[in-house]
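Here is a short briefing to read beside the sequence and the model. It goes topic by topic.

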Amino acid sequence: MNDASIERCHLTHLECSLTGDVYPAHSRAGLSAAGRPLLVRYDLSAVARALTKDALNGRPADMWRWRELLPVRRTENIVSLGEITTPLLESPRFARRIGAPGPLLIKDEGRLPTGSFKSRGLSVAVSMAKELGVTRAVIPTAGNAGAAFAAYCARAGIESFVFCPDDAPESTIAEASLFTPHVWRVNGLITDLAPLIQGGKRILEWYDMSTLKEPYRLEGKKTMGFELAEQFGWELPDFIFYPTGGGTGLIGMWKAFDELEAIGWIGSKRPRMVAVQSRTCAPIVRAFQAGHSEAAPWEDGFTEVPGVRVPWTVGDRLILQVLRESEGFAIAVDDGAVAQARIELAASDGINLCPEGAATLVAYRECVRRGDIPDGACAVLFNCASGLKNPVPAPTRHIDRHHAVDYSRL
């Protein structure tokens, strides 16, 4: 292995998202001394000199084509399962039915290796863990993150431990169990798992990959923003609707847009970012509507949309900052409308959303109804996982082939 791959890495330091204090690059970092997420910073002038659009066009259409803006130094440390560029799907029939004033597109993250957008963040985070010599790691999860984490750790040869609420979706927890025997259900919410993880750190010496408690997972998630910019011809959509639990992807995309502008690939135009949560667990919505810069924990937060069942996130300040800087907003939806919206889009446009993706559809429809989407505005909704991971109502009608069939009643 020569040093060519190191030359493609332009990481300079880590920075506290609250104070701006600088921390060394390529370290097993957690939160800053202020208890806030660390952000990865690059020499963007060097990136602008090293990376051209022509060079990018000649690379495979995968997440790792953005190497100059990712933190992994050595190619042999990349832990990949084939992270493709995910498609933008039009939804013309549903859009017409609800009177959408502009194009409605869905970014289908369910095409990624572990069936969700968690593949992006965990691919980069586990790659960095490998590069930093980590041999054992742990994650709290509502479902999909644990499955992706366990898969990438297995690929890297890192022993993995997964903790999840005992009501987490069976499909994703079973998926995680394929890759590691260390999967534990816990009686409580995802925010109740932190003391267990902290308690085991001294004894098991595991590396904590909780959302935003290490800096590198965010770097994988930001590639969603890179892809959108490229797919829109180096412009950006007018709105992005994003199901928001921990909010890593929302924060990451905003970071991606700033980095692309810094290297001269896009202008100053930004999408209005919309955080979508459930009415029964909506700490970001409540804080945004109250004009607060931080979100208080949501008491006894429960929702049937597993990915947004996050009563509080350490990224609360960053999420609220993004919403305000983008002139976006936060909106809560009723759980009862989510399953029906999923069925409607499947029947009208053949797209099988996960519950979180369907929540963004409910939010978009409500915004159309109340006139929040201007004429001609293009909106992108994030379907963060494959609908195949989630149960749907089973058909109950039956034909007895031994009797005459009344075809007029079919």
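Two strands count as paired if DSSP finds at least two bridges between them. The model is predicted.

- β5 (residues 104-108) runs parallel to β13, and 5 bridges join the two.
- Within this pairing, Ile106 stands opposite Leu381 of β13.
- β10 also pairs with β13 in the parallel sense, over 3 bridges.
- Here Phe239 is the residue opposite Ala379.

**Cysteines**

- How many disulfides does a search of the whole structure find? The count is 0.
- Cys378 is in no disulfide; its nearest cysteine sulfur belongs to Cys367, 15 Å away.
- Cys378 is buried, at 10% relative accessible area.
- The cut-off for a disulfide is within 2.5 Å.
- Cys384 is buried too, with a relative accessible area of 5%.

- α10 is mostly covered, with 7 of its 9 residues buried.
- The buried residues are Thr223, Met224, Gly225, Phe226, Glu227, Leu228 and Ala229.
- Gly233 follows α10 and has a positive phi, near 65°.
- Trp234 has a positive phi as well, near 65°, and is not a glycine.
- Trp234 sits in the loop between α10 (223-231) and β10 (239-243).
- Trp234 is buried, at 16% relative accessible area.

**Another positive phi: Asp300**

- Asp300 is not a glycine, yet its phi is positive, about 50°.
- Its place is the loop between α12 (283-290) and α13 (316-325).
- Is Asp300 buried or exposed? Asp300 is exposed, with a relative accessible area of 70%.

**Salt bridges**

- The whole structure holds 27 salt bridges.
- One of them joins Asp167 and Arg309, whose closest N and O atoms are 3.0 Å apart.
- This pair links distant parts of the chain, 142 residues apart: Asp167 is in the loop between β7 (159-165) and α7 (170-179), and Arg309 is in the loop between α12 and α13.
- Asp167 is partly exposed at 34% relative accessibility, whereas Arg309 is buried at 8%.
- Lys389 and Glu175 form another salt bridge, with closest N and O atoms 2.8 Å apart.
- Lys389 is in the segment after β13 and Glu175 is in helix α7, so the pair ties together parts 214 residues apart in sequence.
- Lys389 is buried at 14% relative accessible area, and Glu175 is buried at 17%.
- Glu259 and Lys222 meet through their side chains at 2.8 Å, N to O.
- Glu259 belongs to helix α11 (residues 248-262) and Lys222 to the loop between α9 (217-221) and α10, so this pair ties together parts 37 residues apart in sequence.
- Glu259 is buried at 5% relative accessible area, and Lys222 is buried at 0%.
- Salt bridges with shared partners join Arg36, Glu294, Asp316 and Arg317 into one network.

Terms used:
Residues numbered from 1 in each chain as written. Predicted model: local features only at pLDDT ≥ 70, side-chain atom pairs only at ≥ 80, totals over all residues. Heavy atoms only, no water. Buried < 20%, exposed > 50% of the residue type's maximum accessible area, 1.4 Å probe, protein only. Helix = DSSP H or I, 4+ residues; strand = E, 2+ residues; numbered from the N terminus. Salt bridge = Lys/Arg side-chain N within 4 Å of Asp/Glu carboxyl O.
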